[in-house]
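Keep the viewer open and follow along.

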Amino acid sequence: LRLILCPLRVNGKNNFAPGEQYIVVCNHNALMDVPISSPAIPGGNKTIAKASMAKVPVFGMIYKMGSVLVDSFAKMKKVLDMGLHMCIYPEGTRNKTSEPLKPFHDGAFRLSLDTRKSIIPGVIFYTRIVNPAHKSFYLMPHKLRIDFLEPITVGENDTVETLKGRAFEAMREHFLKVNGER
């Protein structure tokens, strides 16, 4: 990232307790988000991936090694059982709207309920500047940032909806706070 003049600042690594596995949920603004989030997460992790991306020659083979394809809930559980973190982008696809976040899908939160693993929200900043959705093969040098927020633990009365709502609000508030500070 430094070589392409996109230095990355990572905040909140201290929210990852040693020996614990987490479901990391990140916002999704650009293709740059995966290469930002995966190395920023402290410890081994796998990222959820679109099955169609695995079909790209050469890249697809590398992509499959570090990812879990979207259609495999059992494989996501296995990642956690292996002692790795599972990184999921709950918006599903890149957010091309003017809103801070798109509505979340249920998968990450269902995984959290099923495994009783806590969720760590990750908020990615400025990748939309570096790699806008409407431009192919475009890269604009700019500082990048990812903030990992405090874990959201699964309570006795939690549901997919309550976990999803807590994560969405924490990420939205943090996104608005940081963008208000610029």
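## Cysteines first

Let's call a disulfide a pair of cysteine sulfur atoms within 2.5 Å. By that rule, the chain has 0 disulfides. Cys26 is in no disulfide, and the nearest cysteine sulfur, that of Cys87, is 4.0 Å away. Seen from the other end, the sulfur of Cys87 has its closest cysteine sulfur in Cys26, and at 4.0 Å that is too far for a bond.

Cys26 counts as buried because its relative accessibility is 0%, and Cys87 counts as buried because it also comes out at 0%. Buried here means under 20% relative accessible area, exposed means over 50%, and partly exposed is in between (1.4 Å probe, protein chains only).

## What you are looking at

This is a predicted model, where local features need pLDDT of at least 70 and side-chain atom pairs count only at pLDDT 80 or more, while totals for chains, interfaces and linings use all residues. Residues are numbered from 1 along each chain as its sequence is written, and side-chain values use heavy atoms, with hydrogens and water left out.

The chain has 6 helices and 7 strands, with helices (H or I, at least four residues) and strands (E, at least two) taken as DSSP runs numbered from the N terminus. Their order from the N terminus is β-β-α-β-α-β-α-β-α-β-α-β-α. Of the 182 residues, 45% are buried. Take the contacts (heavy atoms within 4.5 Å) with a separation of 6 or more: 72% of them link residues 24 or more positions apart.

How is E2 covered on its faces? Ile23 and Val25 on one side and Val24 and Cys26 on the other are all buried. Two strands pair if DSSP finds at least two bridges between them. E2 pairs with E5 in the parallel sense over 3 bridges, with Val24 opposite Cys87. E2 also runs parallel to E6, joined by 4 bridges, and there the partner of Val24 is Ile120.

## The nonpolar core

In soluble globular proteins, nonpolar side chains tend to be buried together. A nonpolar core is a set of buried Ala, Val, Leu, Ile, Met, Phe, Trp, Tyr and Cys residues joined through side-chain atoms within 4.5 Å. The largest one in this chain has 45 residues, and Ile23, Val24, Met86, Ile88, Phe109 and Phe148 have the most contacts inside it. Elements that each supply at least two residues include E2 (23-26), E5 (85-88), H4 (107-115) and H6 (160-181). H6 gives the most, with 6 residues.

Leaving out residues up to four places away in sequence, Ile88 touches Ile23, Val24, Val25, Cys26, Ile48, Met76, Ala108 and Leu111.

In H3 (residues 73-81), Met76, Val79 and Leu80 are the buried residues. They fall within an arc of 95° seen down the helix axis, so they line one face of H3; the arc is that of the directions from the helix axis to the C-beta atoms. The face turned away from that buried side carries the exposed residues Ala74, Lys75, Lys78 and Asp81. Just after H3, Gly83 takes a positive phi of about 90°.

H4 has Ala108, Phe109, Leu111, Ser112 and Leu113 buried, and just after H4, Arg116 takes a positive phi of about 65°. Over in H5 (residues 127-130) sits Thr127, which counts as buried because its relative accessibility is 0%. Beyond residues up to four places away in sequence, Thr127 touches Asn29, Ala30, Met32, Asp33, Ile36 and Leu144.
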